[in-house]
Amino acid sequence: TILILMPHSGDEIQLMKAGIIQLAHIYVINKRDLADTTWMEQELHENTMAKDPSDWSPTILTTSALKQEGISELVQAIFNHLFWLRFSLIT
């Protein structure tokens, strides 16, 4: 599951309260060209870290769809998660 967020949208705290923040495997903060994403990245890191080292630690990326930045990193993160899923099912 990929959750796409926008910085400074006002939804950050609501997402955390609703529990949706725990569902994603990859987090994408889009519109990095328009706003500072540092605060949101830190909040996501603090609230989504895997407790067990063998569990998937969600990937947090920033992108700019308008400038086509971060897209290749997103594709790589999807492949990394797919690899992890396949490997974790074998062991």
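Quick word on terms before we start: helices here are DSSP runs of H or I with at least four residues, strands are E runs of at least two, and both are numbered from the N terminus. What we have is a predicted model, where local features need pLDDT of at least 70, side-chain atom pairs count only at pLDDT 80 or more, and totals for chains, interfaces and linings use all residues. Residues are numbered from 1 along each chain as its sequence is written, and side-chain values use heavy atoms, with hydrogens and water left out.

Okay, the sheet. Three strands make an open, parallel sheet, in the order β1-β2-β3; two strands count as paired if DSSP finds at least two bridges between them. At the edges sit β1 (2-5) and β3 (59-62), each pairing on one side only. From one strand to the next, the twist averages 20°. Between β2 and β3 there are four bridges, again parallel, and V28 has L61 in β3 as its bridge partner.

Now, which strands does helix α3 lie across? Residues 71-90 make up α3, and the helix lies across β1, β2 and β3, running at about 170° to β2. Axes are lines fitted to C-alpha atoms, for helices over the stretch in contact, and angles run from 0 to 180 degrees between N-to-C directions. Contact, by the way, means heavy atoms within 4.5 Å.

Next, have a look at N30, in the loop between β2 (26-29) and α2 (38-48). N30 has 16% relative accessibility, so it counts as buried; the cut-offs are under 20% relative accessible area for buried, over 50% for exposed and partly exposed in between, with a 1.4 Å probe and protein chains only. Leaving out residues up to four places away in sequence, N30 touches I4, L5, M6, P7, T63, S64 and A65. Its side chain also reaches the backbone nitrogen of A65, at 3.1 Å.

R32 is in the loop between β2 and α2 and E69 in the loop between β3 and α3, so the pair ties together parts 37 residues apart in sequence.

Last stop, α2. Its buried residues are M40, E43, L44 and T48. Down the helix axis they fall within an arc of 105°, so they line one face of α2; that arc is taken from the directions from the helix axis to the C-beta atoms.

Note on methods. A polar contact is a pair of N or O atoms within 3.5 Å; within protein, one must be able to donate a hydrogen and the other to accept it, and residues adjacent in sequence count only if both atoms are side-chain atoms.
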